[in-house]
Amino acid sequence: FIDAYQAEGIPITMVMYQNEAYSYTAYPGCPWTPEGAIRFNMEYLGPTLRQAHPKVALYMGTFNTNRYDNVKQILSDPRMRNYVSGVGFQWEGGQILPRISKEFPEWNYISSESECGWGSFDWKSAEHTFQLINHYLVNGCNEYYNWNGILSDNGESPWGWKQNALIRVNSQSHQFIYTPEYYAYLHYSHFITPGSSILGGIEKKDSETPVLVARNTSGKYIVVAANLSDTQKEITVQLDKKFINVTLPSHSFHTFQVK
């Protein structure tokens, strides 16, 4: 697989042993036990990848489960440090990310898949995604992957699952729009450039005012905040000896850049 893509000029830089390894489906699938995941990665995939493609990173996951003991058992195996570079979490896996990332600070963490929604393309979905990005970044992830970049019409897949996307295309007129979810991503990605450091934030699941503070490579503070409530909210953020005091309109996203 890696060789075939390289032959087409597409480099593969990261491999995980299976997407959603904890999905117990009615159709043919492959759910894993901790023992099976450890054995396959440490005795087969890890050594083979190291020999054939030493520059390709092996990540554990994707962990789409909140079974803390199960994930901890895998990451606690001492052989992991010989082959594994990081860990990918998505969906229910995000629930245990705060605890896992604190107990295993040596790994690189990523959010391997955003939640795709149900084809509403509305502001509520954008607010949910805004909270998700905030949660994963504040809890140690240095990458966050979207699921659908572009979908047409009502976002329906060939098997009937309607989903959201960042760009929505009218298949008849070929016109497109940037969806509200596009702007949720934009607030995090435009000023928080590669090499920036995430300093902290407010990321409680039910928080009406999620906040994230970062510092980019030019030394500027980047504050990304939202007000998800029906009324305006006042927030104060301290940045060393400086303070930001702002009033956020209801249901709004904001980015502040401070020297």
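Buried means under 20% relative accessible area, exposed over 50%, and partly exposed in between, with a 1.4 Å probe and protein chains only. This is a predicted model, in which local features need pLDDT of at least 70 and side-chain atom pairs count only at pLDDT 80 or more, while totals for chains, interfaces and linings use all residues. Residues are numbered from 1 along each chain as its sequence is written, and side-chain values use heavy atoms, with hydrogens and water left out.

**View 1. Ser120, in the loop between β4 and α6.**
Ser120 sits in the loop that runs between β4 (108–113) and α6. Helices (H or I, at least four residues) and strands (E, at least two) are DSSP runs, numbered from the N terminus. Ser120 has a relative accessible area of 37%, so this residue is partly exposed. Leaving aside neighbours within four places in sequence, Ser120 is in contact with Ser125 and Asn164. Contact means heavy atoms within 4.5 Å. Gly160 is 40 residues from Ser120 in sequence, and their C-alpha atoms are 14 Å apart.

**View 2. Phe121, a residue with positive phi.**
Phe121 also lies in the loop between β4 and α6. Its phi is near 55 degrees, a positive value in a residue other than glycine. Most residues other than glycine have a negative phi. The relative accessible area of Phe121 is 9%, so Phe121 is buried.

**View 3. Helix α6 and its end.**
Helix α6 covers residues 123–138, 16 residues in total. From first C-alpha to last, α6 reaches 22 Å, close to the 22 Å expected at 1.5 Å a residue. The expected span is 1.5 Å times one less than the number of residues. Buried residues of α6 include Ser125, Ala126, Glu127, Thr129 and Phe130. Leu132, Ile133, Asn134, His135, Tyr136 and Leu137 are also among the buried residues of α6. Gly140 follows α6, with a positive phi near 105 degrees.

**View 4. Packing of α6 with α7.**
Two packed helices are described by the angle between their axes and the distance between the axes. The axes of α6 and α7 (residues 180–189) come within 7 Å and cross at roughly 25 degrees. Axes are lines fitted to C-alpha atoms, for helices over the stretch in contact, and angles run from 0 to 180 degrees between N-to-C directions. The two helices, α6 and α7, are therefore roughly parallel. Angles under 35 degrees count as roughly parallel, over 145 as roughly antiparallel, 65 to 115 as roughly perpendicular, and the rest as oblique. The crossing of α6 and α7 is right-handed. A crossing is right-handed if the near helix is turned clockwise from the far one by less than a right angle, and left-handed if anticlockwise. On the α6 side, the contact is made by Trp123, Ala126, Thr129, Phe130, Ile133, Asn134 and Leu137. On the α7 side, Pro180, Glu181, Ala184, Tyr185, His187 and Tyr188 take part. The contact residues divide into 9 nonpolar, 3 polar and 1 charged. Ala, Val, Leu, Ile, Met, Phe, Trp, Tyr, Cys and Pro count as nonpolar, Asp, Glu, Lys and Arg as charged, and the others, Gly among them, as polar.

**View 5. Packing of α2 with α3.**
Helix α2 (residues 34–52) packs against helix α3 (residues 68–76) at about 25 degrees, with the axes 9 Å apart. That angle makes α2 roughly parallel to α3. The crossing of α2 and α3 is right-handed. Pro34, Glu35, Ala37 and Ile38 of α2 meet Asn70, Gln73 and Ile74 of α3. These residues divide into 4 nonpolar, 2 polar and 1 charged.

**View 6. Arg79, between α3 and α4.**
Arg79 is in the loop between α3 and α4 (80–83). Its relative accessibility is 34%, so Arg79 counts as partly exposed. Not counting residues up to four places away in sequence, Arg79 touches Ile38, Met42 and Glu43. Pro34 is 45 residues from Arg79 in sequence and 14 Å away in space, C-alpha to C-alpha.

A cis peptide bond joins Gly61 and Thr62, with omega about 10 degrees. Most peptide bonds are trans. Gly61 is buried, at a relative accessible area of 0%. Leaving aside neighbours within four places in sequence, Gly61 is in contact with Met16, Tyr17, Gln18 and Gly88. The C-alpha atoms of Gly61 and Val87 are separated by 6.1 Å, across 26 residues along the chain.
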